[in-house]
Amino acid sequence: MKILYVGAGFVGACSAAVMADAGHDVLLYDIDEEKIKKLGSNDIGLIESCLFEDGLGDILIKNKNNITFTTNYSEVAKCLDLVDAVFMCLPTPEKDGVAGQSDLTYYHIAAEKLAQNLEKRNNGLQSKYVVVVNKSTVPIAMVDETRGLMEKYGVKNFGVVSNPEFLIEGKAIFGSVHPDRVVVGAEKEEDFKVMRQIYARFLNSSSVKYIEVTPEEAAAGKLLANYLLFNRLAVTFDVVGRVCENFDNVNFENLRKILTSDGRIGNWGFYDSVYAGGSCFIKDAASLAYQLEEIGVGSGLVRQVLNSNNFQRDNFFSRAEKEAGFVWKDKKVAILGVAFKQNTNDVRNSSAINVVKSLIEKGVKEIKIYDPVAMPMFKALFDSSENLDYKIIDYFNSEKEALINTDTCLILTDWPKFMALGEVIKSVCPAPYLIMDGRRMLSVDFKELQNLGYDIISVGSLFLKGKK
Ligand SMILES: NC(=O)c1ccc[n+]([C@@H]2O[C@H](COP(=O)([O-])OP(=O)(O)OC[C@H]3O[C@@H](n4cnc5c(N)ncnc54)[C@H](O)[C@@H]3O)[C@@H](O)[C@H]2O)c1
(Lines give C-alpha, C1' and ligand atoms only; values in the text may rest on other atoms or scores of the structure.)
Protein backbone atom coordinates (compact mmCIF):
# COMPACT_ATOMS: atom_id res chain seq x y z
CA MET A 1 0.00 0.00 0.00
CA LYS A 2 1.06 3.58 -0.53
CA ILE A 3 0.77 5.57 2.68
CA LEU A 4 1.32 9.26 3.35
CA TYR A 5 2.13 10.35 6.89
CA VAL A 6 1.43 13.98 7.84
CA GLY A 7 3.45 14.83 10.95
CA ALA A 8 6.77 13.16 11.80
CA GLY A 9 6.71 13.37 15.59
CA PHE A 10 6.87 10.47 18.04
CA VAL A 11 3.73 8.93 16.54
CA GLY A 12 4.21 9.76 12.85
CA ALA A 13 7.91 8.85 12.64
CA CYS A 14 7.60 5.61 14.63
CA SER A 15 4.41 4.44 12.91
CA ALA A 16 5.78 5.34 9.43
CA ALA A 17 9.01 3.45 10.14
CA VAL A 18 7.11 0.33 11.18
CA MET A 19 4.79 0.55 8.14
CA ALA A 20 7.83 0.80 5.87
CA ASP A 21 9.25 -2.24 7.65
CA ALA A 22 6.00 -4.09 6.90
CA GLY A 23 6.66 -3.51 3.19
CA HIS A 24 4.44 -0.49 2.52
CA ASP A 25 5.62 2.43 0.42
CA VAL A 26 5.71 5.40 2.81
CA LEU A 27 6.07 9.15 2.34
CA LEU A 28 6.65 11.04 5.61
CA TYR A 29 5.86 14.76 5.47
CA ASP A 30 6.48 17.38 8.14
CA ILE A 31 6.86 21.16 8.14
CA ASP A 32 9.93 20.95 10.39
CA GLU A 33 12.92 20.99 8.01
CA GLU A 34 15.50 20.11 10.62
CA LYS A 35 13.52 17.12 11.87
CA ILE A 36 12.97 15.74 8.36
CA LYS A 37 16.64 16.24 7.52
CA LYS A 38 17.73 14.38 10.64
CA LEU A 39 15.18 11.56 10.32
CA GLY A 40 16.22 10.99 6.69
CA SER A 41 19.95 11.26 7.41
CA ASN A 42 20.64 7.52 7.79
CA ASP A 43 22.70 8.51 10.83
CA ILE A 44 21.56 7.05 14.19
CA GLY A 45 23.11 9.89 16.19
CA LEU A 46 21.27 12.55 14.18
CA ILE A 47 17.98 10.62 14.25
CA GLU A 48 18.20 10.20 18.04
CA SER A 49 19.09 13.85 18.52
CA CYS A 50 15.57 14.78 17.40
CA LEU A 51 13.58 11.67 18.42
CA PHE A 52 15.14 9.46 21.05
CA GLU A 53 13.28 6.18 20.64
CA ASP A 54 14.84 2.77 21.08
CA GLY A 55 15.22 1.12 17.64
CA LEU A 56 13.93 4.05 15.56
CA GLY A 57 17.31 4.76 13.94
CA ASP A 58 17.88 1.11 13.03
CA ILE A 59 14.45 0.58 11.53
CA LEU A 60 14.55 3.82 9.50
CA ILE A 61 17.96 2.98 8.07
CA LYS A 62 17.01 -0.65 7.38
CA ASN A 63 13.95 0.47 5.41
CA LYS A 64 15.40 3.49 3.66
CA ASN A 65 14.21 2.20 0.28
CA ASN A 66 10.58 2.09 1.44
CA ILE A 67 10.40 5.48 3.10
CA THR A 68 10.85 9.00 1.72
CA PHE A 69 11.09 12.13 3.87
CA THR A 70 9.92 15.50 2.69
CA THR A 71 8.95 19.02 3.66
CA ASN A 72 7.99 19.80 0.09
CA TYR A 73 4.23 19.79 -0.48
CA SER A 74 4.56 19.40 -4.25
CA GLU A 75 6.00 15.93 -3.54
CA VAL A 76 3.02 15.27 -1.28
CA ALA A 77 0.61 16.47 -3.97
CA LYS A 78 2.19 14.11 -6.52
CA CYS A 79 1.90 11.18 -4.13
CA LEU A 80 -1.82 11.91 -3.61
CA ASP A 81 -2.61 10.61 -7.12
CA LEU A 82 -1.67 7.11 -5.95
CA VAL A 83 -2.02 7.10 -2.19
CA ASP A 84 -4.27 4.55 -0.41
CA ALA A 85 -4.27 6.19 3.02
CA VAL A 86 -3.17 9.42 4.69
CA PHE A 87 -2.26 9.06 8.37
CA MET A 88 -2.79 12.32 10.24
CA CYS A 89 -0.25 12.48 13.11
CA LEU A 90 -0.53 16.11 14.17
CA PRO A 91 -0.25 17.53 17.68
CA THR A 92 -3.58 18.01 19.48
CA PRO A 93 -2.49 19.85 22.65
CA GLU A 94 -4.74 21.42 25.26
CA LYS A 95 -5.96 24.86 24.20
CA ASP A 96 -4.41 27.69 26.21
CA GLY A 97 -6.81 29.05 28.78
CA VAL A 98 -9.60 26.49 28.18
CA ALA A 99 -9.30 23.61 30.63
CA GLY A 100 -9.24 20.58 28.41
CA GLN A 101 -10.49 21.76 25.04
CA SER A 102 -8.27 20.28 22.31
CA ASP A 103 -6.39 22.79 20.22
CA LEU A 104 -7.04 21.43 16.75
CA THR A 105 -5.23 24.24 14.92
CA TYR A 106 -2.34 22.03 13.73
CA TYR A 107 -4.82 19.40 12.59
CA HIS A 108 -7.04 21.90 10.76
CA ILE A 109 -4.15 23.56 8.92
CA ALA A 110 -2.81 20.20 7.76
CA ALA A 111 -6.27 18.79 6.91
CA GLU A 112 -7.31 21.86 4.91
CA LYS A 113 -4.12 21.71 2.87
CA LEU A 114 -4.65 17.99 2.34
CA ALA A 115 -8.29 18.54 1.26
CA GLN A 116 -7.30 21.26 -1.22
CA ASN A 117 -4.76 18.92 -2.79
CA LEU A 118 -6.92 15.80 -2.68
CA GLU A 119 -9.52 17.72 -4.64
CA LYS A 120 -6.95 18.34 -7.38
CA ARG A 121 -5.58 14.79 -7.58
CA ASN A 122 -5.44 13.17 -11.02
CA ASN A 123 -6.16 16.56 -12.61
CA GLY A 124 -9.44 16.88 -10.75
CA LEU A 125 -10.73 13.40 -11.66
CA GLN A 126 -10.04 12.14 -8.11
CA SER A 127 -10.60 8.59 -9.28
CA LYS A 128 -8.64 6.73 -6.61
CA TYR A 129 -10.31 5.95 -3.29
CA VAL A 130 -8.39 7.36 -0.33
CA VAL A 131 -8.80 6.91 3.40
CA VAL A 132 -7.98 9.79 5.77
CA VAL A 133 -6.86 8.19 9.02
CA ASN A 134 -6.94 10.07 12.30
CA LYS A 135 -3.98 8.73 14.25
CA SER A 136 -3.79 11.86 16.39
CA THR A 137 -5.75 11.63 19.62
CA VAL A 138 -8.90 13.60 18.81
CA PRO A 139 -12.32 14.42 20.30
CA ILE A 140 -14.89 11.61 20.15
CA ALA A 141 -16.97 13.16 17.36
CA MET A 142 -13.99 14.19 15.22
CA VAL A 143 -15.00 11.96 12.29
CA ASP A 144 -17.78 14.43 11.43
CA GLU A 145 -15.35 17.34 11.45
CA THR A 146 -12.83 15.58 9.21
CA ARG A 147 -15.53 14.45 6.78
CA GLY A 148 -17.01 17.97 6.74
CA LEU A 149 -13.62 19.47 5.99
CA MET A 150 -12.99 17.14 3.06
CA GLU A 151 -16.48 17.81 1.66
CA LYS A 152 -16.03 21.57 2.05
CA TYR A 153 -13.17 21.41 -0.46
CA GLY A 154 -15.02 19.09 -2.84
CA VAL A 155 -13.00 15.94 -2.12
CA LYS A 156 -14.69 12.84 -3.52
CA ASN A 157 -14.01 9.13 -3.19
CA PHE A 158 -12.76 9.21 0.37
CA GLY A 159 -13.44 7.70 3.77
CA VAL A 160 -12.51 8.80 7.29
CA VAL A 161 -11.09 6.34 9.79
CA SER A 162 -10.12 6.63 13.43
CA ASN A 163 -7.05 4.49 14.16
CA PRO A 164 -5.76 5.72 17.54
CA GLU A 165 -2.17 5.18 18.53
CA PHE A 166 -1.47 3.32 21.77
CA LEU A 167 2.33 3.49 21.69
CA ILE A 168 4.36 3.90 24.86
CA GLU A 169 7.16 6.45 24.50
CA GLY A 170 10.53 4.80 25.02
CA LYS A 171 9.12 1.51 23.65
CA ALA A 172 7.32 2.89 20.61
CA ILE A 173 9.04 0.77 17.96
CA PHE A 174 8.73 -2.48 19.88
CA GLY A 175 5.12 -1.60 20.69
CA SER A 176 4.26 -0.89 17.04
CA VAL A 177 5.88 -4.11 15.82
CA HIS A 178 4.18 -6.10 18.61
CA PRO A 179 1.02 -4.18 19.55
CA ASP A 180 -1.48 -5.63 22.00
CA ARG A 181 -4.32 -4.25 19.89
CA VAL A 182 -5.03 -2.43 16.64
CA VAL A 183 -8.22 -0.39 16.80
CA VAL A 184 -9.89 0.66 13.55
CA GLY A 185 -13.00 2.82 13.67
CA ALA A 186 -14.76 3.24 10.33
CA GLU A 187 -18.20 3.94 8.89
CA LYS A 188 -17.95 1.89 5.68
CA GLU A 189 -16.83 -1.61 4.75
CA GLU A 190 -14.69 -0.02 2.01
CA ASP A 191 -12.62 1.73 4.69
CA PHE A 192 -12.28 -1.38 6.86
CA LYS A 193 -11.01 -3.20 3.75
CA VAL A 194 -8.24 -0.66 3.12
CA MET A 195 -7.20 -0.79 6.77
CA ARG A 196 -7.18 -4.61 6.74
CA GLN A 197 -4.73 -4.48 3.83
CA ILE A 198 -2.55 -1.99 5.68
CA TYR A 199 -2.54 -4.10 8.85
CA ALA A 200 -2.65 -7.49 7.06
CA ARG A 201 0.23 -8.73 9.21
CA PHE A 202 -1.91 -8.58 12.36
CA LEU A 203 -5.19 -9.99 11.05
CA ASN A 204 -4.49 -13.61 11.92
CA SER A 205 -2.15 -12.98 14.82
CA SER A 206 -2.83 -14.82 18.06
CA SER A 207 -1.18 -12.05 20.12
CA VAL A 208 -2.76 -8.95 18.54
CA LYS A 209 -6.42 -8.09 18.98
CA TYR A 210 -7.66 -6.54 15.74
CA ILE A 211 -10.73 -4.55 16.78
CA GLU A 212 -13.17 -3.01 14.28
CA VAL A 213 -15.61 -0.46 15.71
CA THR A 214 -17.21 2.90 14.92
CA PRO A 215 -14.92 5.96 14.60
CA GLU A 216 -16.48 7.37 17.76
CA GLU A 217 -15.79 4.19 19.73
CA ALA A 218 -12.19 4.17 18.54
CA ALA A 219 -11.62 7.82 19.57
CA ALA A 220 -13.41 7.31 22.90
CA GLY A 221 -11.44 4.10 23.51
CA LYS A 222 -8.17 5.98 23.22
CA LEU A 223 -9.23 8.77 25.62
CA LEU A 224 -10.67 6.31 28.13
CA ALA A 225 -7.63 4.02 28.02
CA ASN A 226 -5.39 6.96 28.86
CA TYR A 227 -7.75 8.14 31.57
CA LEU A 228 -7.84 4.70 33.23
CA LEU A 229 -4.04 4.40 33.18
CA PHE A 230 -3.67 7.94 34.52
CA ASN A 231 -6.26 7.19 37.19
CA ARG A 232 -4.22 4.17 38.30
CA LEU A 233 -1.11 6.31 38.66
CA ALA A 234 -2.98 9.01 40.56
CA VAL A 235 -4.40 6.45 43.00
CA THR A 236 -0.98 4.89 43.55
CA PHE A 237 0.71 8.26 44.09
CA ASP A 238 -1.99 10.06 46.01
CA VAL A 239 -3.46 7.26 48.12
CA VAL A 240 -0.91 4.45 48.47
CA GLY A 241 2.07 6.85 48.47
CA ARG A 242 0.35 9.19 50.93
CA VAL A 243 -0.24 6.33 53.39
CA CYS A 244 3.47 5.48 53.22
CA GLU A 245 4.45 9.13 53.70
CA ASN A 246 2.38 9.48 56.85
CA PHE A 247 2.45 6.25 58.88
CA ASP A 248 5.45 4.83 60.72
CA ASN A 249 6.90 1.53 59.52
CA VAL A 250 4.92 1.36 56.29
CA ASN A 251 7.26 0.75 53.38
CA PHE A 252 6.06 1.41 49.81
CA GLU A 253 7.81 -1.62 48.28
CA ASN A 254 6.34 -3.95 50.92
CA LEU A 255 2.85 -2.57 50.34
CA ARG A 256 3.38 -3.10 46.62
CA LYS A 257 4.10 -6.79 47.28
CA ILE A 258 0.90 -7.17 49.29
CA LEU A 259 -1.33 -5.33 46.86
CA THR A 260 -0.04 -6.56 43.52
CA SER A 261 -0.27 -10.19 44.65
CA ASP A 262 -3.99 -9.77 44.07
CA GLY A 263 -4.48 -10.50 40.37
CA ARG A 264 -7.49 -8.18 40.28
CA ILE A 265 -5.29 -5.24 41.32
CA GLY A 266 -2.46 -6.07 38.89
CA ASN A 267 1.05 -4.72 38.57
CA TRP A 268 0.86 -1.87 36.09
CA GLY A 269 1.40 1.60 37.52
CA PHE A 270 2.45 0.39 40.93
CA TYR A 271 5.36 2.74 41.52
CA ASP A 272 5.60 6.08 43.23
CA SER A 273 6.59 9.26 41.41
CA VAL A 274 6.61 13.00 41.80
CA TYR A 275 4.29 13.40 38.78
CA ALA A 276 2.65 11.63 35.85
CA GLY A 277 3.88 13.85 33.01
CA GLY A 278 4.22 13.38 29.27
CA SER A 279 2.25 14.57 26.29
CA CYS A 280 -0.79 12.31 26.64
CA PHE A 281 -2.28 11.41 30.03
CA ILE A 282 -2.85 14.95 31.25
CA LYS A 283 -4.18 16.44 28.04
CA ASP A 284 -6.31 13.39 27.20
CA ALA A 285 -7.93 13.31 30.65
CA ALA A 286 -8.53 17.06 30.40
CA SER A 287 -10.06 16.60 26.95
CA LEU A 288 -12.34 13.85 28.25
CA ALA A 289 -13.47 16.08 31.13
CA TYR A 290 -14.07 19.00 28.75
CA GLN A 291 -16.14 16.89 26.36
CA LEU A 292 -18.31 15.59 29.21
CA GLU A 293 -18.76 19.08 30.67
CA GLU A 294 -19.57 20.54 27.25
CA ILE A 295 -22.66 18.34 27.02
CA GLY A 296 -23.58 19.06 30.65
CA VAL A 297 -22.38 15.82 32.24
CA GLY A 298 -20.34 15.71 35.44
CA SER A 299 -16.63 14.97 35.17
CA GLY A 300 -15.67 15.18 38.85
CA LEU A 301 -13.63 12.00 38.97
CA VAL A 302 -11.66 12.91 35.84
CA ARG A 303 -10.90 16.38 37.17
CA GLN A 304 -9.94 14.91 40.55
CA VAL A 305 -7.26 12.77 38.89
CA LEU A 306 -5.79 15.88 37.22
CA ASN A 307 -5.86 17.79 40.52
CA SER A 308 -4.30 15.01 42.54
CA ASN A 309 -1.44 14.69 40.03
CA ASN A 310 -0.66 18.41 40.45
CA PHE A 311 -1.01 18.08 44.21
CA GLN A 312 1.51 15.22 44.19
CA ARG A 313 4.18 17.39 42.53
CA ASP A 314 3.51 20.49 44.62
CA ASN A 315 3.31 18.50 47.84
CA PHE A 316 6.65 16.80 47.16
CA PHE A 317 8.31 20.17 46.54
CA SER A 318 6.77 21.78 49.63
CA ARG A 319 8.00 19.00 51.94
CA ALA A 320 11.55 20.43 51.86
CA GLU A 321 10.42 23.52 53.81
CA LYS A 322 7.67 21.87 55.83
CA GLU A 323 9.47 18.73 56.99
CA ALA A 324 13.22 19.41 56.66
CA GLY A 325 13.05 23.16 57.43
CA PHE A 326 15.04 23.75 54.24
CA VAL A 327 15.25 27.37 53.06
CA TRP A 328 15.53 27.59 49.26
CA LYS A 329 16.71 31.20 49.04
CA ASP A 330 20.28 31.51 47.73
CA LYS A 331 20.79 27.72 47.62
CA LYS A 332 22.47 25.79 44.84
CA VAL A 333 20.25 22.98 43.59
CA ALA A 334 20.96 19.97 41.35
CA ILE A 335 18.17 18.60 39.18
CA LEU A 336 18.77 15.06 38.01
CA GLY A 337 16.48 14.20 35.12
CA VAL A 338 14.30 16.51 33.06
CA ALA A 339 12.71 13.98 30.69
CA PHE A 340 9.16 13.16 31.77
CA LYS A 341 10.26 9.54 32.19
CA GLN A 342 13.17 7.22 31.35
CA ASN A 343 14.21 6.31 27.78
CA THR A 344 12.87 9.41 26.09
CA ASN A 345 14.02 12.94 25.35
CA ASP A 346 10.42 14.17 25.58
CA VAL A 347 10.01 16.89 28.22
CA ARG A 348 6.34 17.70 27.62
CA ASN A 349 4.63 18.08 31.02
CA SER A 350 7.80 16.98 32.75
CA SER A 351 7.76 17.66 36.51
CA ALA A 352 11.09 19.45 36.07
CA ILE A 353 9.41 22.35 34.23
CA ASN A 354 7.25 23.31 37.17
CA VAL A 355 9.96 22.53 39.74
CA VAL A 356 12.47 24.83 37.98
CA LYS A 357 9.89 27.63 37.91
CA SER A 358 9.17 27.10 41.63
CA LEU A 359 12.90 27.18 42.44
CA ILE A 360 13.29 30.48 40.58
CA GLU A 361 10.32 31.91 42.50
CA LYS A 362 11.93 30.80 45.76
CA GLY A 363 15.09 32.75 44.90
CA VAL A 364 17.64 29.94 44.58
CA LYS A 365 21.12 30.99 43.47
CA GLU A 366 21.87 28.29 40.89
CA ILE A 367 20.06 25.38 39.24
CA LYS A 368 22.44 22.70 37.96
CA ILE A 369 20.81 20.27 35.53
CA TYR A 370 21.83 16.87 34.21
CA ASP A 371 19.85 14.49 32.00
CA PRO A 372 21.40 11.87 29.70
CA VAL A 373 19.35 12.84 26.60
CA ALA A 374 16.67 15.45 27.27
CA MET A 375 18.72 18.59 28.02
CA PRO A 376 18.49 20.07 24.47
CA MET A 377 14.65 19.83 24.57
CA PHE A 378 14.58 21.33 28.07
CA LYS A 379 16.97 24.18 27.20
CA ALA A 380 14.61 25.24 24.43
CA LEU A 381 11.92 25.90 27.09
CA PHE A 382 14.19 27.99 29.34
CA ASP A 383 15.94 30.33 26.91
CA SER A 384 17.83 32.93 28.96
CA SER A 385 17.91 35.36 26.04
CA GLU A 386 14.11 35.57 26.43
CA ASN A 387 13.95 35.58 30.22
CA LEU A 388 16.85 36.76 32.37
CA ASP A 389 15.59 34.66 35.31
CA TYR A 390 16.77 31.58 33.39
CA LYS A 391 20.38 32.73 33.58
CA ILE A 392 20.79 30.85 36.86
CA ILE A 393 20.23 27.51 35.04
CA ASP A 394 23.35 25.58 34.02
CA TYR A 395 23.65 22.25 32.22
CA PHE A 396 26.25 19.55 32.93
CA ASN A 397 27.53 16.43 31.20
CA SER A 398 27.30 14.09 34.19
CA GLU A 399 25.35 13.67 37.40
CA LYS A 400 28.59 14.17 39.32
CA GLU A 401 29.35 17.57 37.75
CA ALA A 402 25.77 18.69 38.41
CA LEU A 403 25.97 17.61 42.07
CA ILE A 404 29.31 19.24 42.95
CA ASN A 405 28.95 22.26 45.21
CA THR A 406 25.17 22.01 45.73
CA ASP A 407 23.01 22.21 48.87
CA THR A 408 20.37 19.74 47.73
CA CYS A 409 19.38 17.60 44.75
CA LEU A 410 16.03 16.64 43.26
CA ILE A 411 15.80 13.33 41.38
CA LEU A 412 12.95 13.80 38.93
CA THR A 413 13.37 11.15 36.19
CA ASP A 414 13.61 7.39 36.66
CA TRP A 415 16.67 6.85 34.45
CA PRO A 416 17.93 3.39 35.54
CA LYS A 417 21.47 4.77 35.99
CA PHE A 418 20.15 7.04 38.76
CA MET A 419 19.83 3.97 40.99
CA ALA A 420 23.60 4.34 41.48
CA LEU A 421 23.33 7.99 42.55
CA GLY A 422 23.90 7.15 46.22
CA GLU A 423 27.60 6.52 45.57
CA VAL A 424 27.99 9.72 43.54
CA ILE A 425 26.25 11.80 46.19
CA LYS A 426 28.48 10.31 48.91
CA SER A 427 31.57 11.17 46.85
CA VAL A 428 30.80 14.84 46.17
CA CYS A 429 28.07 16.02 48.57
CA PRO A 430 29.13 15.30 52.16
CA ALA A 431 26.38 15.13 54.80
CA PRO A 432 24.54 17.03 56.13
CA TYR A 433 22.84 17.31 52.75
CA LEU A 434 19.21 17.06 51.63
CA ILE A 435 18.32 14.43 49.01
CA MET A 436 14.89 14.82 47.41
CA ASP A 437 14.02 11.60 45.63
CA GLY A 438 10.98 12.07 43.43
CA ARG A 439 11.22 8.55 41.99
CA ARG A 440 12.35 6.30 44.89
CA MET A 441 15.52 5.61 42.87
CA LEU A 442 17.57 5.31 46.06
CA SER A 443 15.06 3.43 48.20
CA VAL A 444 17.43 0.50 48.84
CA ASP A 445 20.08 2.98 50.06
CA PHE A 446 17.84 5.15 52.25
CA LYS A 447 18.87 3.50 55.54
CA GLU A 448 22.57 3.67 54.82
CA LEU A 449 22.39 7.28 53.59
CA GLN A 450 20.36 8.28 56.66
CA ASN A 451 22.92 6.62 58.94
CA LEU A 452 25.63 8.63 57.19
CA GLY A 453 23.77 11.83 58.09
CA TYR A 454 21.85 12.56 54.87
CA ASP A 455 18.35 14.01 55.19
CA ILE A 456 15.99 12.31 52.71
CA ILE A 457 12.61 13.34 51.42
CA SER A 458 11.18 10.77 49.06
CA VAL A 459 7.79 10.19 47.52
CA GLY A 460 6.27 7.26 49.37
CA SER A 461 8.37 7.65 52.56
CA LEU A 462 8.20 9.58 55.82
CA PHE A 463 10.89 12.27 56.13
CA LEU A 464 14.16 10.53 57.01
CA LYS A 465 16.28 12.80 59.20
CA GLY A 466 20.05 12.18 58.96
CA LYS A 467 21.37 10.36 62.03
CA LYS A 468 24.77 11.99 62.43
N1 LIG B 1 3.64 10.82 21.95
C2 LIG B 1 2.89 9.79 22.35
O3 LIG B 1 3.28 8.98 23.19
C4 LIG B 1 1.52 9.59 21.76
C5 LIG B 1 0.88 8.35 21.93
C6 LIG B 1 -0.37 8.17 21.40
C7 LIG B 1 -1.02 9.20 20.73
N8 LIG B 1 -0.40 10.41 20.60
C9 LIG B 1 -1.12 11.46 19.87
O10 LIG B 1 -0.60 11.55 18.54
C11 LIG B 1 -0.59 12.91 18.10
C12 LIG B 1 0.83 13.32 17.73
O13 LIG B 1 1.64 13.22 18.88
P14 LIG B 1 3.22 13.27 18.82
O15 LIG B 1 3.71 12.93 20.18
O16 LIG B 1 3.72 12.52 17.66
O17 LIG B 1 3.44 14.83 18.55
P18 LIG B 1 4.78 15.56 18.12
O19 LIG B 1 4.65 16.96 18.57
O20 LIG B 1 5.97 14.74 18.55
O21 LIG B 1 4.74 15.52 16.53
C22 LIG B 1 3.85 16.23 15.74
C23 LIG B 1 4.52 16.62 14.43
O24 LIG B 1 3.57 17.28 13.60
C25 LIG B 1 4.28 18.27 12.86
N26 LIG B 1 3.37 19.24 12.27
C27 LIG B 1 2.74 20.28 12.87
N28 LIG B 1 1.97 20.93 11.96
C29 LIG B 1 2.11 20.27 10.78
C30 LIG B 1 1.57 20.44 9.47
N31 LIG B 1 0.72 21.44 9.19
N32 LIG B 1 1.94 19.58 8.50
C33 LIG B 1 2.81 18.57 8.76
N34 LIG B 1 3.35 18.36 9.97
C35 LIG B 1 3.01 19.20 10.97
C36 LIG B 1 5.25 18.85 13.88
O37 LIG B 1 6.31 19.54 13.25
C38 LIG B 1 5.71 17.59 14.63
O39 LIG B 1 6.87 17.04 14.06
C40 LIG B 1 -1.21 13.72 19.23
O41 LIG B 1 -2.59 13.81 19.00
C42 LIG B 1 -0.96 12.85 20.45
O43 LIG B 1 -1.89 13.07 21.46
C44 LIG B 1 0.86 10.61 21.08
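At 12% relative accessibility, Glu399 counts as buried, where buried means under 20% relative accessible area, exposed over 50% and partly exposed in between (1.4 Å probe, protein chains only). Its salt-bridge partner is Lys417, with the closest N and O atoms 3.5 Å apart, a salt bridge being a side-chain nitrogen of Lys or Arg within 4 Å of a carboxyl oxygen of Asp or Glu. This is a predicted model, in which local features need pLDDT of at least 70 and side-chain atom pairs count only at pLDDT 80 or more, while totals for chains, interfaces and linings use all residues. Residues are numbered from 1 along each chain as its sequence is written, and side-chain values use heavy atoms, with hydrogens and water left out.

**Salt bridges**
- By this rule the count comes to 28 salt bridges.
- Lys135 and Glu165 pair at 3.5 Å, N to O, and both residues are buried.
- Arg319 and Glu323 form a salt bridge whose closest N and O atoms are 3.0 Å apart; Arg319 is buried at 2% relative accessible area, whereas Glu323 is partly exposed at 34%.
- Lys417, the partner of Glu399, is partly exposed, with a relative accessible area of 40%.

**Cysteines**
- The structure holds 0 disulfides, a disulfide being a pair of cysteine sulfur atoms within 2.5 Å.

**Gly100**
- Gly100 is buried at 1% relative accessibility, and, leaving aside neighbours within four places in sequence, Gly100 is in contact (heavy atoms within 4.5 Å) with Glu94, Ala286, Ser287 and Tyr290.
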